[in-house]
Amino acid sequence: MRIKAWIMVAALVSFHPVHDVNAQEAARTTAPANFAGTWLPDARRADAWPKDLPLAPVARRFMQDFDPDASDPTTFCMPMGTPRNMLQTAYPLEIVQTPQRLVIVLQPNLANAEVRRIPLDGRELPAAPDPSWYGTSRGRWEGATLRIETSGLREDAIISENGLPHSGQLRVIERLRIVNDGAHGKVLIDDIELHDPQAYLEPLRTRRYFSWAPNARLHDGTCVEALWIDKLWRDRLQEHAQPAHGESPR
Amino acid sequence: MNRYLSALAVATICMAQMPLVLSAGKQPRPDFSGVWFPDPKASGRWPTERPFTPAMAAARALWTRTYTPIDLTRDDENISCVPYTLPYVMTTITQYPFEIISTPERIYLLTEVFGQVRRIDLGATQQGDQLPSRMGLSHGHWEGSELVVETTHLLPLHVGHRFPSSRAQSMVERFSLVEGGTGKQLRVRVTVRDPLVYTQPIVVQMTYKAAPDVELGEYICGQDLWDQHMDGSSSKIPWR
């Protein structure tokens, strides 16, 4: 009877997972990070671009002639696009994470939320994806770091507000990871490489920091409303209101 | 000693099985994750004659007298690329899909049209500011296999709008999954209450069809205007 009881206890114990301290430690260091939540860009820590970027002549000329009022998409409430949305956003970003996918939601004060969808299921990046503002991305884990490769980016998007251009050949490689340090707390680091042999003589590299901000909320953009109210609605209201108030139409 | 060990073993077995016993009484919670298209044939519509309060009816009549003729091709805000506001995000029959991503704490609803993001908190109400917005603040809880979502803090729309609303507006949605002859369906019963605008609640039953092979695309409302602008721009794209 005593033996039976011990067998039962041993069997019960064996149902519970065996806690291997080394395996846990290994998991802590190599398991995929959990990026889910809201993050605020820390512009003070962002890498500045070097003054003399290694640009191809055609890209340098474009930058010299760049007129933001005429050619910056955001002037017209168009998207920042990738990678500018990671490089220049002044608003919180939100990351949704499942085992199969990472979704990065950015909500600059423009028309749309900018939603980057990054499959993590091992599927290959297409050779020539259709051009889009947010691009076609694939992610894979390198330990706790997520490597994201993005291509298929529209060549009418720009990288920065002073007109740093890219061609349709741009390939963006990002490495996302989380660090904890005493001075800044939980921080998301995005190491960004821009490979574009048509526009750059060598790859451009920079880094952005995002601070953990669990209570931050993303807000609706009002850019389009402002355009609509200023350039359409107000005109129509005046046009319609004047006859109603006995005034002559303009 | 034998007796104590046996009792310990039995007690341990009972404790180990307890979660299974407790969960056996619960109904399974459906997973709404996936891509969905509105099904116009199986979905309801807003009532043609809406039950406006006398004050709202008078305000709309004054607005119409003042601003008629309205030219919807110029003055409709959605045609002018201003995004939808709830409840119309859910009740408008569009040709565009939306996607639901479920996480333990929050359900995300991503629309293709206007590229909007809706968040439904399942746990504690999200902290932070309480400003009105197009998606408002949504909080969900389970009632059996139905997800019941309550939404407040919605952006009010002016009296002349096709669907006016006030800050008193709230909505309750009941999400459920149905396996029908035409495949998996998501049903959402939307109840809108706005005592400053309507004399009674408005109920619209929506049905969405699963579209497992569809990926949401980029919807950039102003793309055509931007393309036309860039075609005439002095700042030419170097690689074009």
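In chain B, strand β3 (residues 106-111) is joined to β2(B) by five bridges, and the two run antiparallel. Strands here are DSSP runs of E with at least two residues, and helices are runs of H or I with at least four residues, both numbered from the N terminus; two strands pair if DSSP finds at least two bridges between them. The model is predicted, so that local features need pLDDT of at least 70 and side-chain atom pairs count only at pLDDT 80 or more, while totals for chains, interfaces and linings use all residues. Residues are numbered from 1 along each chain as its sequence is written, and chains are lettered from A and ligands numbered from 1 in the order in which they are written.

Three residues lie between β2(B) and β3(B), which form a hairpin. Within this pairing, B:Ser102 has B:Ile107 in β3(B) as its bridge partner. Strand β2 (residues 98-102) of chain B is also joined by three bridges to strand β1 (residues 34-38) of chain B, again in an antiparallel arrangement. There, B:Gly34 is placed opposite B:Ile100 of β2(B). Further along chain B, eight bridges connect the antiparallel strands β8 (residues 183-193) and β9 (residues 202-210), and B:Val190 faces B:Val204 in β9(B). The nine strands of chain B form a closed barrel in the order β1-β2-β3-β4-β5-β6-β7-β8-β9, with mixed pairing. From one strand to the next, the twist averages 30 degrees, where axes are lines fitted to C-alpha atoms (for helices over the stretch in contact) and angles run from 0 to 180 degrees between N-to-C directions.

Chain A contains six helices and nine strands. Its nine strands form an open sheet, with antiparallel pairing, in the order β4-β3-β2-β1-β9-β8-β7-β6-β5. Strands β4 (114-119) and β5 (136-142) of chain A stand at the edges with a single partner strand each, so one side of each has no neighbour in the sheet. On average, neighbouring strands of this sheet are turned by 25 degrees against each other, direction ignored. Within the sheet, β6(A) and strand β7 (residues 171-181) of chain A run antiparallel and share five bridges; A:Glu149 stands opposite A:Ile173 in β7(A).

Of the 250 residues in chain A, 32% are buried, meaning that 20 or more other C-beta atoms lie within 10 Å of the residue's own, against 12 or fewer for exposed residues and a count in between for partly exposed ones, with C-beta atoms placed from the backbone. Beyond its neighbours within four places in sequence, A:Val105 is in contact (C-beta atoms, placed from the backbone, within 7 Å) with residues including A:Leu93, A:Leu218 and B:Val117. By contrast, A:Glu202, in the loop between β8 (185-195) and β9 (204-212) of chain A, is exposed because 10 other C-beta atoms lie within 10 Å.

Confidence is expressed as pLDDT, the predictor's score for each residue from 0 to 100. Chain A averages 84, and 79% of the residues score at least 70. The lowest mean in chain A, 41, belongs to helix α1 (residues 2-15), and the highest, 98, to strand β6 (residues 145-151). Over residues 1-27 of chain A, pLDDT stays under 50, and the model has 17 contacts beyond four places in sequence for this stretch.

Note on methods:
Two residues are in contact if their C-beta atoms, placed from the backbone, lie within 7 Å.
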